[in-house]
Amino acid sequence: MSDNFKASKDFTKEQNLEAVRMLGLKLATDPRWVNIAEKSIHEILVDHAFCEQKAATQCISLIVRFADYPKIVEKVAPVVSEEWGHFRKVLKELKKRGLELGKSRKDEYVLELLKFVIKGGPKEDHLLEQLLLCGLIEARSCERFRLLSLYCTDEQLKEFYYEFMVSEAGHYTLFLDLARTYFPPDKVKKRWQEWLDYEASVMENWTLRGDRVH
Ligand SMILES: [Fe+2]
Ligand SMILES: [Fe+2]
């Protein structure tokens, strides 16, 4: 796990872009993804908006499901507001470009990750699974936002995605820190590596789509 990982508003842009480069992920996205994504910016923005909505929804369900874990409630509650704020930012960007949100779509990537979640067993173990799942989605989103902020030809979108990259990096750190708050470091490390391996195996066979964030 990247214990030293840190991206922050206080760092220079270059420091953040470098910090976010891989986030422990085992397989980097082909930067040419940005070229195809740029051809369908409406689709990307719509998909992105729903990713933010799902992130907010997921944080709410985490709080409801694990309401008897004080740190979860305390630390995740502000993330709900941030993710909802992100959703609204993307809505604003769509509006500015004269584009509409349209219908929600299935998130194939997240559905694929969900197959790896351990079912059954003690409630506590479910918490670990959910925290690592959330951390992983944040990490991959962050990695994709980094690519957009580096290689997008639209200068304004570059800035737009840079802001998201930094914010999602903070969420990634938060979910992994919460995992280490409630579980022994060795247990977190072992399961995190398993998640990273699984995610890499998913990405290896994943079709790069210009109309999806993932
Ligand atoms: Fe977000
Ligand atoms: Fe996030």
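This is a predicted model: local features need pLDDT of at least 70, side-chain atom pairs count only at pLDDT 80 or more; totals for chains, interfaces and linings use all residues.
The protein chain contains eight helices and zero strands, and from the N terminus on its elements accordingly run α-α-α-α-α-α-α-α. Along the principal axes, the C-alpha atoms of the protein chain fill a box of roughly 50 × 35 × 30 Å. For a chain of 214 residues a compact globule would have a radius of gyration near 17 Å, and because the protein chain has 17 Å, the value agrees with that expectation. Of these 214 residues, 34% count as buried. When contacts between residues at least 6 apart in sequence are considered, 75% of them join residues that are at least 24 apart.

Two packed helices are described by the angle between their axes and by the distance between those axes. In the protein chain, helix H6, which spans residues 123–151, packs against helix H8, which spans residues 185–204, at an angle of about 45°, and the two axes lie 10 Å apart. The crossing in which H6 passes H8 is right-handed.

On the side of H6, the residues that take part in this contact are Leu-128, Leu-132 and Leu-136, and in H8 they meet Arg-191, Trp-192, Trp-195 and Glu-199. Sorted by class, the contact of H6 with H8 comprises five nonpolar and two charged residues, with no polar residues.

Conventions: Residues are numbered from 1 along each chain as its sequence is written. Chains are lettered from A and ligands numbered from 1 in the order in which they are written. Helices (H or I, at least four residues) and strands (E, at least two) are DSSP runs, numbered from the N terminus. The radius of gyration is taken over C-alpha atoms; the globule rule is 2.2 Å times the number of residues to the power 0.38. A residue is buried if 20 or more other C-beta atoms lie within 10 Å of its own, exposed if 12 or fewer, and partly exposed in between; C-beta atoms are placed from the backbone. Two residues are in contact if their C-beta atoms, placed from the backbone, lie within 7 Å. Axes are lines fitted to C-alpha atoms, for helices over the stretch in contact, and angles run from 0 to 180 degrees between N-to-C directions. A crossing is left-handed if the near helix is turned anticlockwise from the far one by less than a right angle, and right-handed if clockwise. Ala, Val, Leu, Ile, Met, Phe, Trp, Tyr, Cys and Pro count as nonpolar, Asp, Glu, Lys and Arg as charged, and the others, Gly among them, as polar.
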